[in-house]
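Here is a short report on one protein chain. Look over the sequence and the structure first, then read on.

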Amino acid sequence: MTSAAQTPTELRRLLPPELVERGACPFDPPAGLTRRRGQGAVQPLRLANGAEAWLVTGIEEARAVLADTRFSSDRVRHPDAATGAEPQQVETRDDGMFVFMDPPEHTRLRKLLTGQFTVRRMRALEERVREIAVDHIEAMKAAGTEADLVPAYALPIPSLVICEMLGVDYGDRDRFQRNTAVALNSATPPDERARAGLELYTYIRELVAAKRAAPGDDMLSGLLDLPDNQLVDVALVLLGAGHETTANMLALSTFALLENPGELARLRAEPALLDTAIEELLRFLSIIQMGVSRVATEDLTIGDVTIPAGATVIIATPEANRDPAHWDDPDRLDLSRPRVSHLAFGHGIHQCLGQQLARVEMKAGLGELITRLPNLRLAVPAEQVPLREEMLIFGVHSLPVTWS
């Protein structure tokens with residue numbers, strides 16, 4: 001795994017604890033973020049290594065940063081405050097970590113992938129995703145009246161879907177799921193994360209070699225024109241993002257609905273609300289802990305604040321998605337809230353490629369769950385549900401549930 005791919009985890013480790021530790025309500029942004037409300041949409045932030053960064057908490061200001069390519073995603077040419085590395089004079093990037101690239105390199109790789117994630121193609125997967133969801137619900141019911149929803153349901157759905165899309169053997173899931181989780185855990189020592197990243201990279205490299213020897217009709221086989229190093233990196237991004245994010249959204253959304261029984265009852269009574277409800281859950285939960293970061297390539301002004309060249313800017317997605325200037329009563333889960341755009345999938349040229357797939361998986365996963373298990377409830381007190389505070393992607397480590 002390239003050093004650029006490690007930078008979000010390193011940056012997460014340098015944030016003040018109050019900006020990442022959840023309070024009494026696991027669905028609200030960390031208390032350190034909410035305390036900053038009213039102090040400006042762009043605020044200075046001192047990191048644990050002494051570097052000064054800038055925290056963006058306003059949604060319009062966040063969109064401005066993410067839409068302006070003068071704020072760089074390239075962590076090779078423009079390292080962020082987490083590493084203290086010197087910028088590299090690189091004529092052409094030969095890796096495939098497109099999420100850490102700027103145009104034109106990002107544009108070239110992104111264009112190759114865009115056709116794989118069209119709305120039409122993702123909607124064509126709906127029946128298959130629904131079939132997977134139903135199969136797992138029936139398996140849970142056959143095993144009894146209790147389950148841990150994370151390994152029994154939330155994780156298998158997106159994992160199986162992305163494996164089928166990429167042409168990955170689902171039997172290998174323990175290998176890539178375990179190593180991905182370690183690599184994204186900011187509490188894990190750097191040498192362990194590096195080892196997990198290397199094991200994951202080795203696995204994907206073997207997979208690419210197998211595709212070259214015997215191409216199929218899967219997505220990776222369709223990208224064999226790329227050199228090995230780029231294809232391995234692209235596959236790493238797609239496989240990791242393809243199961244981690246939606247798995248956590250499914251589990252955390254279920255937790256939030258069970259803790260908001262009035263909203264859950266409304267959704268059951270009005271199934272047509274499901275699409276709107278998913279957008280509200282995406283806004284309300286904002287599982288990408290502190291969002292994404294960018295580096296200013298020149299002196300830039302956001303709102304009324306000047307960001308100096310070379311400075312790191314961090315988008316506080318959980319807070320930007322609760323911007324009181326943009327939403328009425330933003331801290332309330334309201335499944336009938338008029339649908340408005342949010343930052344759960346980012347914004348600008350790096351907006352999440354798989355967002356339509358995530359919506360399809362969320363719709364099938366939540367829809368089938370609340371319909372086929374009408375008496376679903378927590379099997380433990382809410383405060384005993386373990387939270388993924390140490391992870392780049394927030395959620396729950398497990399969600400014990402029961403039904404009758």
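Strand 9 and strand 10 (residues 400-402) run antiparallel and are joined by two bridges. Leu378 has Val401 of strand 10 as its bridge partner. Keep in mind that this is a predicted model.

The two strands belong to an open sheet of three strands, ordered 4-10-9. Its pairing is antiparallel. The edges are strand 4 (146-148) and strand 9 (377-378). Each of these edge strands pairs on one side only.

Another open sheet has five strands, in the order 1-2-8-5-3. Here the pairing is mixed. Strand 1 (42-46) and strand 3 (71-72) are the edge strands, and each pairs on one side only.

Strand 5 covers residues 293-296, and strand 8 covers residues 312-315. The two pair in the antiparallel sense, over three bridges. Arg294 has a bridge partner in strand 8, namely Val313. As a general point, the strands of a sheet pair through backbone hydrogen bonds, either parallel or antiparallel.

## A helix across the strands

Which helix lies across strand 1, strand 2, strand 3, strand 5 and strand 8? It is helix 3, made of residues 59-67. Strand 2 spans 52-56. Helix 3 runs at about 130° to strand 8.

## The chain as a whole

The protein chain holds 15 helices and 10 strands. Its C-alpha atoms fill a box of roughly 60 × 60 × 40 Å along the principal axes. The radius of gyration is 21 Å. A compact globule of 404 residues would have a value near 22 Å, so the chain agrees with that expectation.

Of the 404 residues, 55% count as buried. Now take the contacts in the chain with a separation of 6 or more: 72% of them come from residues 24 or more positions apart. The chain exposes about 16800 Å². Carbon and sulfur atoms supply 51% of that area.

## A closer look at Ala210

Ala210 sits in helix 10, which covers residues 190-213. Is Ala210 buried, partly exposed or exposed? Its relative accessible area is 44%, so Ala210 is partly exposed. The cut-offs behind this call are under 20% for buried and over 50% for exposed.

Ser221 lies 11 residues from Ala210 in sequence. In space, the two are 9.7 Å apart, C-alpha to C-alpha.

Conventions
Residues are numbered from 1 along each chain as its sequence is written. This is a predicted model: local features need pLDDT of at least 70, side-chain atom pairs count only at pLDDT 80 or more; totals for chains, interfaces and linings use all residues. Side-chain values use heavy atoms; hydrogens and water are left out. Two strands pair if DSSP finds at least two bridges between them. Helices (H or I, at least four residues) and strands (E, at least two) are DSSP runs, numbered from the N terminus. Contact means heavy atoms within 4.5 Å. Axes are lines fitted to C-alpha atoms, for helices over the stretch in contact, and angles run from 0 to 180 degrees between N-to-C directions. The radius of gyration is taken over C-alpha atoms; the globule rule is 2.2 Å times the number of residues to the power 0.38. Buried means under 20% relative accessible area, exposed over 50%, partly exposed in between (1.4 Å probe, protein chains only). Accessible areas come from the Shrake-Rupley method with a 1.4 Å probe; for residues, only the protein chains shown count as cover.
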